[in-house]
Amino acid sequence: MDNLCANLLEEAVGISKGGRVVVVEDCVQMSGAFVLHHFLKRSLYPDTSDAVIFIAFAHPFSHYERILRKMGCNLTVHRKNHRFVFLDMLTLECPDRNGKETRQDGLLALYGEIEKAVEIYSSLEGSRIITIMIDDISLIEVAANGSSNHVLDFLHYCYTLKAKYGCSFVTLNHEDIYSSANTLPLILQLEYLADVIIKAEPLATGLASDVHGQLSVLNKGSVCDLGGSSSKVRNFHFRVKENIVDYFYPGTQT
């Protein structure tokens, strides 16, 4: 039963050979960080040579290292083995409100670092999936002094790496902070680019001791010959434990 529960998220997302965009959306009442941790661990499975470029706007390395260690994944070892690149963006300098650029050129410099890491991994022998992960998009806006245009430009630059190198993207974003007309285009653009959208939400019935929330997974799939879409939506509950997350359909948990 535990294996079936653990596979619900995997089944909803589907098997990826790279080149996919996964957008994780959460809200103030329910964090979706555990989904990001899930994809991080999956991308660093020991039986692959896949690599992760992790752009952290939310927490320092020690935060992720502590959580992933409980999940049986040692980020320090993967970092030493050059499978995990951690870019600490907590002190990123971006253009100020007057449009003047800092000496680090803000997001443009960050994109240069990401592209360089991707080029290095792509030049190595053997096949591998390179996953670029961002935690989180809303904090990029904070670093860019609230400029959605700068963030959109940065995301479009990163998106070109998908076509050029077959990179996958996994991003975390806070859906409920985009209530104004100025910020709404950002989340709409993210959802447009996404192949898979995962929403973490609290239970509609309120708090429960054995269920922490619900996930809604929209897998857009492929476009059919007649122009239709094979999109599929799956909904299930989850319970976050110290080192694992249980996924199950409503009414099936005993």
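## Ser43 in its setting

S43 counts as buried, at 13% relative accessibility (buried is under 20% relative accessible area, exposed over 50%, partly exposed in between, with a 1.4 Å probe and protein chains only). The residue belongs to helix α2, residues 33-43. Helices here are DSSP runs of H or I with at least four residues, strands are E runs of at least two, and both are numbered from the N terminus.

A polar atom of the S43 side chain lies 2.8 Å from the backbone oxygen of F39. Beyond its neighbours within four places in sequence, S43 is in contact (heavy atoms within 4.5 Å) with T48, D50, V52, R83 and T131.

## Basis of the model

This is a predicted model, with local features needing pLDDT of at least 70 and side-chain atom pairs pLDDT 80 or more, while totals for chains, interfaces and linings use all residues. Residues are numbered from 1 along each chain as its sequence is written, and side-chain values use heavy atoms, without hydrogens and water.

## Overall fold

The protein has eight helices and nine strands. Of its 254 residues, 46% count as buried.

## Aromatic pairs

The structure holds 11 aromatic pairs. Rings of Phe, Tyr and Trp (its six-membered ring) pair if their centres lie within 6.5 Å; planes under 30 degrees apart are stacked, over 60 edge-to-face, the rest tilted. F34 and F238 form a tilted pair, 4.5 Å centre to centre with 40° between the planes. F34 sits in helix α2 and F238 in strand β8 (residues 232-240), so the pair ties together parts 204 residues apart in sequence. Both F34 and F238 are buried.

Key:
Polar contact = N/O pair within 3.5 Å; in protein donor to acceptor, adjacent residues only side chain to side chain.
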